[in-house]
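Subject: Structure handover

Hello,

Here is the structure for your files. My notes on it follow below.

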Amino acid sequence: MSDEGQIMLRETFTVAGGDFSHAGRVSTTIKSMLKQIGFPSAVIRRTAIATYEAEMNVVVYADRADVTFEVTPKTIRVTLADQGQGIADLELAMQEGFSTATDEIREMGFGAGMGLPNIKRNADELEINSEVGVGTTVKITINAGE
Amino acid sequence: MVAEGYYHAHEVNEGGCDGRMRCLKVCPTDAIRVRDGKAHIIGELCVDCGECITACPRGAVVPLADRLGQRSPEYKCVVAIPSPVLYSQFSSDIAPRRIFEALQRIGFDHVFDVARACDWETLASRIFLDEHEGRWPMISGFCPAVVRLIQVKYPELTEHIMPLEVPREITAREAKQKLSRDLGLDVSEIEAVYITPCPAKVVSIRQPAEKNRSWLDRAIAISEVYGPLRAALAAAEPVPSSELFESATYGPGWSRLGGMTSLLRTERWIAVSGMSDVTKILDDIENSRLRDVEFIEASACLGGCIGGPLTVENIYIARSRTYRLGEKYSRNIERHANQVEELYRKKFFSMENPLAPRPLSPLDPDIGRAIEMVRKRDEIYESLPKIDCAACGSPNCLAFAEDVVKGDIERSTCIVLRARAR
């Protein structure tokens, strides 16, 4: 982020795998901070959706994740570093409708294979690093200039 | 429009307020502060849900609805338009028709029932949902507090609000046009008075979100007419049962949460009430979690409009009555289908202007300074006890931290920090 100005705000959160009852909390907290800062509402919406989907991926597939939220006047970045099963075939995972979710998860209304594609659609930059059996790091960047 | 320009339908009577802070804790948008022992409402944040009116043990938060008996000489005809909630305030043996008569006895020249417009609106909503190609889900627009909550705190979701004129406005418009024709009066000589279960509808009349002027002119609280109506009902001759209800209706069902939605043809709906649960659903929509839901019926008051702060009857009793009223007086709404289809194409149900977002001001107009303020606020928040006792006069520790950053209050006001330092 060196070329985008200094990070003025950095917050960290944790997300617990399997914790459906608190799922979405990080996204909601981030969203309310962005509203108070006064970013354009379309930027806030994109950030909220991308963060929520990434958060849900942690809840559904991983053991836990550290979430870092960083803001400069021009850029919003959300990084989710999880410990979990990792993604075996990233290209396949990025395809709409592809999912490895169990029937149980699908019955809860998740795992439709839209998570990663939806993050990609809403983010300006998306960087995913994954190692099977270790975990996945998802770095979402949103440009605040709309 | 400046924030200060927002009209609200209730105010704190400073003489009556002794700073007990009940209002502070129930306010869903954190719009109340208690300073120097008195409650203050922050106009920009208030969405007129009326929770504070109900919560105040001293009755010091007073609704500014109009009083019965104020008849302005400029009007030649005064028409009452009762919310269907009114019927549920009396025994279900009392037909709506008798309540209309009682309203005339206490001074209204005419009474128009919202029920027919409710039937129409249900059918119009079906057409809208069938043809909608934009974002899902759509959110009902008949609760003005929910509409304002969305405009203020969820500005991006404003386009999800159903862009149809609400039944009370349609009824007022129809009533004025009909009476103007029948009586040879100018529309401006007819006054339409809404009998309201909540202060939010007073605001929607004085300061409509979607047009320049409401078709309704005034609103009187159900609690204000209840006593006189009871007396008038007791004195009235019974009406023959054959004449009980000519335009009968699902109107009573509309006042109960889920009543309207259950008549839509979609299975993908959610009915939610109470500001904290409405907020959760709006958060889910913002996170794009509810894309496969078509319609959300949302009401600020728990249980729907029958839970309004200006009602009299216990909500559970009122709710039970809405079912009995429905059984007795409902008729199939499908009989209106052709007429509604025709009216819909003529834009009969369209709002005059689209709803616009009304987002809160950021902490600072300069984005860099605003980020800095959020950082400072979170730093202060981390140092606070986080028990949300509200003894400082801010509703919770996070709001207190924000008030400190804004320079509204000193951090040393926190009595828990002071006690721990000792």
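Helices (H or I, at least four residues) and strands (E, at least two) are DSSP runs, numbered from the N terminus. The model is predicted: local features need pLDDT of at least 70, side-chain atom pairs count only at pLDDT 80 or more, and totals for chains, interfaces and linings use all residues. Residues are numbered from 1 along each chain as its sequence is written, chains are lettered from A and ligands numbered from 1 in the order in which they are written, and side-chain values use heavy atoms, with hydrogens and water left out.

**Chain A overall**

Chain A has five helices and five strands. Their order from the N terminus is β-α-α-β-β-α-α-α-β-β. The radius of gyration of chain A is 15 Å, close to the 15 Å of the globule rule for 146 residues, so the chain is as compact as a globular protein of that length. That radius is taken over C-alpha atoms, and the rule is 2.2 Å times the number of residues to the power 0.38. Along the principal axes, the C-alpha atoms of chain A fill a box of roughly 40 × 30 × 25 Å.

Of its 146 residues, 47% count as buried. Buried means under 20% relative accessible area, exposed over 50%, and partly exposed in between (1.4 Å probe, protein chains only). Contact means heavy atoms within 4.5 Å. Among chain A contacts between residues at least 6 apart in sequence, 66% join residues at least 24 apart.

The buried ones are G115(A), L116(A), P117(A), N118(A), I119(A) and N122(A). They pack against α2 (41–61), α3 (90–93), β4 (125–131) and β5 (135–143) of chain A.

T141(A) sits in strand β5 of chain A. T141(A) is buried, at 1% relative accessibility. Leaving out residues up to four places away in sequence, T141(A) touches T75(A), I76(A), R77(A), A123(A), D124(A) and E125(A). T75(A) is 66 residues from T141(A) in sequence, yet the C-alpha atoms are 6.9 Å apart.

**Nonpolar cores**

A nonpolar core is a set of buried Ala, Val, Leu, Ile, Met, Phe, Trp, Tyr and Cys residues joined through side-chain atoms within 4.5 Å. The largest has 46 residues, and V79(B), I81(B) and F349(B) touch the most other members. Elements giving two or more residues to this core include β5 (77–82), α4 (115–131) and α6 (167–183) of chain B. The most come from α4(B), with eight residues. Apart from this core lies another, of 43 residues, among them L80(A), A93(A), A144(A) and V374(B).

**Backbone points in chain B**

Which bond joins W136(B) and P137(B)? A cis peptide bond, with omega about -10 degrees. P137(B) is in the loop between α4 and β7 (138–139) of chain B.

Two residues other than glycine have positive phi. D48(B) has phi near 65 degrees. Its loop runs between β3 (38–41) and α2 (51–55) of chain B. D48(B) is buried, with a relative accessible area of 0%. K386(B) has phi of about 60 degrees. K386(B) lies in the loop between α13 (367–383) and α14 (397–405) of chain B. At 35% relative accessibility, K386(B) is partly exposed.

Best wishes
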